[in-house]
Amino acid sequence: MQKRKLSTLEIIYLSFGFLGIQMGFALQNGFASRILQTFGAEVHQLSWFWLIAPITGLIVQPLVGHYSDNTWTKLGRRKPYFLIGAILASIGLILLPQADLFIAFLPALWVGTGMLMIMDISFNISMEPFRALVADVLDKEQRTLGFSVQTILIGIGAVIGSWLPYVLSEYFGLSNRAIEGNVPVNLIWSFIIGAVVLLVSILVTITKTKEYSPEELKLITQAENKLNEQNPEKSLAESEKAKLSDIFVDFVKMPPTMKQLSWVQFFSWFALFGMWVFSTPALAQHFYGLPHTDSSSELFNEAGDWVGILFGVYNLVSIPVAIYLPKIAKKIGRKKTHFYALLIGGLSFISIYVMPNQNWLILPMIGIGIAWASILSMPYAILAGAINPKKMGVYMGIFNFFIVLPQILNGIIGGPLVKYAYGNQAIFALMLSGLSMIIAAFLVVKVKDVDDIQTKKQNSNHG
């Protein structure tokens, strides 16, 4: 038994929920630091508040991956997880910018931190089952296309989320100003709209996508194992029902390709975390000339809105790049494609420091968008070709370790570095991000892409 080929529209439906998930992520990534500063957080504390995201991901994603591998309900295998995650994430999105409503019970900063935690847990519940679903449903020939379509939808959702506050303010008259300690109305409504879009987009995937049953997957696995008899890295004998403790065994028995990719992921996501946490204070200080203590002035809110525009730019750029990535990868290989994308991203980060003014920052964001498109697709396409379908969910969850561990490290050391090493100048956190992404680029050279190697062998045999 083989997996059937999906049409382009079916592949879009398959990943459509990512549009809503990434819209929520974009709102969180672009504006959570600004909201927390509004509620009283200092610049050097921001990375500590953001630690919630990677810590919850470290715990939640492997567990969800394990259980989704071994779940089958009337709704399906992976679908129950994104639905639950979407509902909880929507609640967090609505309440985060309105945390001051609960000030009679708890300080707004505490409530906001709690809502951030709910959002992070919920996004993590949704994220890896979604990636596993793409690998479940698509065969290896369509996986690069599938993850690229996923990246396109992620880009669209992120652009909408990043630009929404500015659009609501400039074109719909919602104020981007508020008294000290309160979040502007345009930001509150952006989060509410994000919650609605998240739920609707998840429901599109749930209603339009058919998952393979456990019986069908078993037959597909047996067929693929026969094809992979000469490749023990991908083949896996049938085993008894998986146990939760198997996560630790699976971690130790990671395929070589996954171990090599883990270092690439580590330095890539260390860089991204620094950008998400410190971009607003970095721009406010370096380009708008504000002191690090300013978190409520009109100019600070302008800087915050501009960060949203810039984040929208790098996500917008990722859309056409994602369309062409499969074609580029087919010509030069996925490794070289990812190498060049990360190198461009790292150099773009470093160039931020020398830009004449904030308007010029669109240029480095174009380069970062190229790297972002590749980060969201190439590692997963390479990984999916190196692991057995029976373990797809748990390995996608374990792979997330190497996304969250660098964020935890950056979260712990990032704030103290800004305060004590950089003299409260957050711009240098972005320079460190650039160096980290360049290191990631050179680590790609060491990765063994199993499917690419097999394709080359097949082509040489035919020749």
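Predicted model: local features only at pLDDT ≥ 70, side-chain atom pairs only at ≥ 80, totals over all residues.
Biologist: What span should helix 12 have, and how far apart are its end C-alpha atoms?

Modeller: Helices are DSSP runs (H or I, at least four residues), numbered from the N terminus. The expected span is 1.5 Å times one less than the number of residues. Helix 12, residues 298-332, has 35 residues and should therefore span 51 Å; its end C-alpha atoms lie 48 Å apart, which agrees.

Biologist: Where does helix 12 bend?

Modeller: A bend is the angle between axes fitted to the seven residues ending at a residue and the seven starting there. In helix 12 the bend is about 40 degrees at Tyr-324, and the proline Pro-326 follows within four residues. Just after the helix, Gly-333 has a positive phi of about 95 degrees.

Biologist: How does helix 2 pack against helix 12?

Modeller: Axes are lines fitted to C-alpha atoms, for helices over the stretch in contact, and angles run from 0 to 180 degrees between N-to-C directions. Helix 2 (residues 17-38) meets helix 12 at about 165 degrees, with the axes 9 Å apart. Helix 2 is therefore roughly antiparallel to helix 12 (angles under 35 degrees count as roughly parallel, over 145 as roughly antiparallel, 65 to 115 as roughly perpendicular and the rest as oblique).

Biologist: Which residues make that contact?

Modeller: Contact means heavy atoms within 4.5 Å. Among the residues involved are Phe-31 and Arg-34 of helix 2, and Gly-304, Asp-305 and Phe-311 of helix 12.

Biologist: At what angle do helix 2 and helix 8 cross?

Modeller: The axes of helix 2 and helix 8 (residues 185-208) cross at roughly 160 degrees and come within 7 Å. This pair is therefore also roughly antiparallel.

Biologist: How is helix 14 placed against helix 12?

Modeller: Helix 14 (residues 362-375) packs on helix 12 at about 45 degrees, with the axes 7 Å apart. Helix 12 is therefore oblique to helix 14. The contact includes Trp-306 and Leu-310 of helix 12, and Ile-366 and Trp-372 of helix 14.

How values were computed. Residues numbered from 1 in each chain as written. Heavy atoms only, no water. Helix = DSSP H or I, 4+ residues; strand = E, 2+ residues; numbered from the N terminus.
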